[in-house]
Amino acid sequence: MALSRDAYRALEDIVGPGYISEDPAVMDSYAYQWLAETVRPNQSKFMPRPEAALLPGSTKEVQAIVRTCNKYKIKVKPYSTGWYFYGAPLTEGVIQLDMRRMDRILEIDEKNMFAVIEPYAIAGVLQAEVMKRGLNCTVTGAGASCSTLVGATCYHGSGGTSIYTGELRENLLGAEWVMPNGEILRTGSIGSGCGWFCAEGPGPSMRGIVRGALGARGGLGVYTKCAVKLSPWPGPVEFPVEGTAPAYRSPLPGNFRAYTLAFKDWDSLFEAYYRLYDNEIGYYAHRQWTMLGADLGPAFWMLYQDPTKSLDDIEEFVQKQEVKEFTEEMRRSFQLVLVGMSQRDIEYQDKVLERILEETGGWKVKKWLEPEMEQFALLYLLRLGKKNLNFVYTGGWVGNFMQVGTPDFVKKYRPLAEDATREYQEKGLLVDCGSDSMMGCVGSISGGGNCGLEQFGFYDVADKVSTAAAVEWMKHCIQEEAMHNIPPGKEGMYLAVGKTHEELQQDLAKQPATHTWQRKIKQALDPNDLGDRMYPTLDER
Amino acid sequence: MEMIGKQKIIKEHKILDSYSHDNSFTLPMQPRLVVQPRNADDVQKIVTWANRTKTPLVPVSSGEPHFHGDTVPSVPEAVIIDLRRMDKIIRIDRRNRMVLIEPGVTYAQLQPALAEEGLRLSTPLLPRQSKSVIASLLEREPTLVPKYNHTLLEPLRCLEIVWGNGEILRTGDAGGYYPTLEQQWEMGLAQVFSGGPGQVDYYRLVSGAQGSIGIVTWASVKCEVLPKVHRFFFIPADNLKGLVECAYRLLKVRLGDEFLVLNSASLAAILSRDADGIQALKNKLPPWVIIMGIAGRDLFPEEKVDFQEKDTRDIVHQFGLELLPAVSGIGGGQVMSTILNPSPVTYWKLTYKGACQDIFFMSTLDKISEFVNTVFAAANALRYPVSDIGIYLQPQHQGTACHCEFNLPYNSGNKIESDHVRELLDTCSEALIEQGAYFSRPYGIWADMVYNRDAGNKEMIKTIKGIFDPNNILNPGKLCF
């Protein structure tokens, strides 16, 4: 269903002929999406092809496009840096807004600790700029190459430093939003022309409509600017980088520490979470290294340090006695970076940590205390610039079970996640890296109190049997969760993309109030239904 | 009225009269009656009845005195829904540091109960004895510890809301997969996460709403670990500009716990018990002072306070200022015991002259000096004594924003003085808004001033009001509807 020529010309008039295309080859580059093969017919790697793609350069252009879409009743889907397949068209007849021209950091207010950014300003660039001013930003779990605005407005927004630097949901100050009806809303203080420092008000806070626990994932208008709160960075103005590719490392000053903390059992590990919350220590706290599996991950991290080795050498590494000991030593572990705002501060935090480890029977994993390993950890964890490693085993992965909750809640689904994964690994349908390949925030919100564990499963995107197994594994996990009275995790969100309308309605009806209120809001803001089911609503009965 | 059932209904003229006015310049309006529900079910019945009969409802959670006009009916025949009988502390969860409370629970009631569990709550500056915790948090009153202000709404987390159309929704992770609180507790959840449910932060929609979108019947609130060691210090200064630079540096590295800036008139009003005492003390005090509390809470509390004191002193010296345990004979301990507790029975702002009008808004610390100049110039022009103006600056959201408050004490029995203050309030508010002050909580006369400058938010708020309270039952006449 091509766009009418009238509609195409109207859109072309807005952005100019250089920033619009309907070339099928270009359209396919937008349709080609990670995870598509898990929900599309015949395991196609393509989501529906957009009718056209436009690259707007300003809020004014975005507004004009949305108004034109209302006139011609064309669905519109914005896409910036992308993550999963949520930003792609979910149906035919959609135009894609590619936000890459709007990539500026508009303002960094050093004193008041916020930055104003456009949709395609990525976390890595923002971090590099604010570090020059003694500040840092939250880099979400999606990594340094992803849009900070998207984390703040459209998706989750937690990262390894969230315990200190906050979840981007919390850090979102003002937002500029081109709503699906073509109107522009500027929330908080910027709406009153007073600057970007405050998210709320005036009066009832319309910031609440901008996003909730989750953002609209492109399903309800386009966010064109936002301000995010920044946090202190008592380190150098840029990361010092040493080492050889790929294991670059960063020797940071004496007020930085990177530890891998391990525990004799899971109860002790989660107890340590609570002790960290109460004592307010930790700049980065996340379970990261185990994402590649408790059995295989340690070997991988060791071979990664050796530029002469490749993934082909991992079996040899696993057999080494040193690696076996390392693997057992860090079997139940998470990573903690301490950052002192002063020398006294780091000494105090170290002392507190020692006491917490005494209380919980935990220990610091020795290998990670070696200077080069610690420096590698500091750069990796604080920068989060190596998200390619999520794909390293087989080119494909999904994360199941992930949800936020208290440590006491999360530890209830931890064994389920392992059990539900083990048989798929043992059958060779997923990479057999250890049934615990769980990663997640120790503190997913500022100050802690909530955490999460996401069980990674690695499937071979080139193998139809393995891809089918990944889908079956997701469905199996949902069944296991239901049997144990646990809500579906991230896998439920992935699979929803491929469901029929009727199937999705059955799911949404399990939380009728949430999705009925969302329908009422959507009806008010998107009368011509320009958005898609990434902002799900329950049909009126 | 039979639909309201067995709830307590008050019709006595004297009591109705007490709800008809407050300490603001809001025009008095007598309500038709007062109803005092006992639980959410009662509240829902009242709202349903109000929708059927098109009766305006004005929610009230705190006791007198009121100051902002938001609890005074704006339309005739309104019914006051007074939530003070709903005063249960439903659950204190030490492990997750959460407390679940009803709207009638006051700070004076809650803090001792939390202390028994080793917890406390970051409070506004000397809330009055009758102040509802939930009302304070919903109205986004600033709290004293900026580092715990992870968002502007902190420490508020999850809510149960009866919307204006009578439907109930639980917000945050209380509104998720598990339908009852008991099931959530059984699964180890504790109503910690404020977002959602789904893709709307509902709890923000009822914040700053003056009871005009929904009625909150319980809330979960994040607590702090009760300090084992807690010391208070002063950083005095003759001028605000130098002090602000120092404040920025301290806030940037999140040193200390309580952190606020007061001028001499404000500090004197807080510490003195009578007008003469205030007058005498403010002449002794430095013009401006940062008050900073440093707390040691769990492990090695003494060491934490010691190192933070040293770090703070190092920074303060860089600005040519001093970190002192006392100023003008006032010790840190005296300030601590005062500001960590609710106000004495006579609310502290009323001690000096019997009445007080406040002007408050949000901005950033670097702009405050300009606003002070504006208010002082306007005061001089109207012959209001500048030396009487109390100023309270409260950094919020970990230092990203600042609450700025001017207190204008006056004798309400003196018509000339009262008229001057009213004029000063009008003049200053307009001038400050023009200058860029953000009136994020637009009470009374501020509503028109604010919404006439922000058509986008005004239209959106009206749209949302139309969805959640389609018959405009809740507190009509306030804000922009």
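These questions and answers cover the interface of chain A and chain B, then the fold of chain B, in a predicted model.

Local features here need pLDDT of at least 70, side-chain atom pairs count only at pLDDT 80 or more, and totals for chains, interfaces and linings use all residues. Residues are numbered from 1 along each chain, chains are lettered from A, and side-chain values use heavy atoms, without hydrogens and water.

User: How many residues of chain B are in contact with chain A?
Analyst: Contact means heavy atoms within 4.5 Å. Chain A brings 91 residues to the interface. On the chain B side the number is 92.

User: What area is buried between chain A and chain B?
Analyst: Buried area is the accessible area (1.4 Å probe) that two parts lose on being put together, summed over both. Carbon and sulfur atoms give 57% of it. The total is about 7600 Å².

User: Which residue forms a salt bridge with A:Glu271?
Analyst: A salt bridge is a side-chain nitrogen of Lys or Arg within 4 Å of a carboxyl oxygen of Asp or Glu. The rule finds 14 across this interface. For A:Glu271, the closest N and O atoms are 3.0 Å apart, and the partner is B:Arg95.

User: What percentage of the residues in chain B is buried?
Analyst: Buried means under 20% relative accessible area (1.4 Å probe, protein chains only). Chain B has 481 residues. The buried share is 67%.

Key:
Buried means under 20% relative accessible area, exposed over 50%, partly exposed in between (1.4 Å probe, protein chains only).
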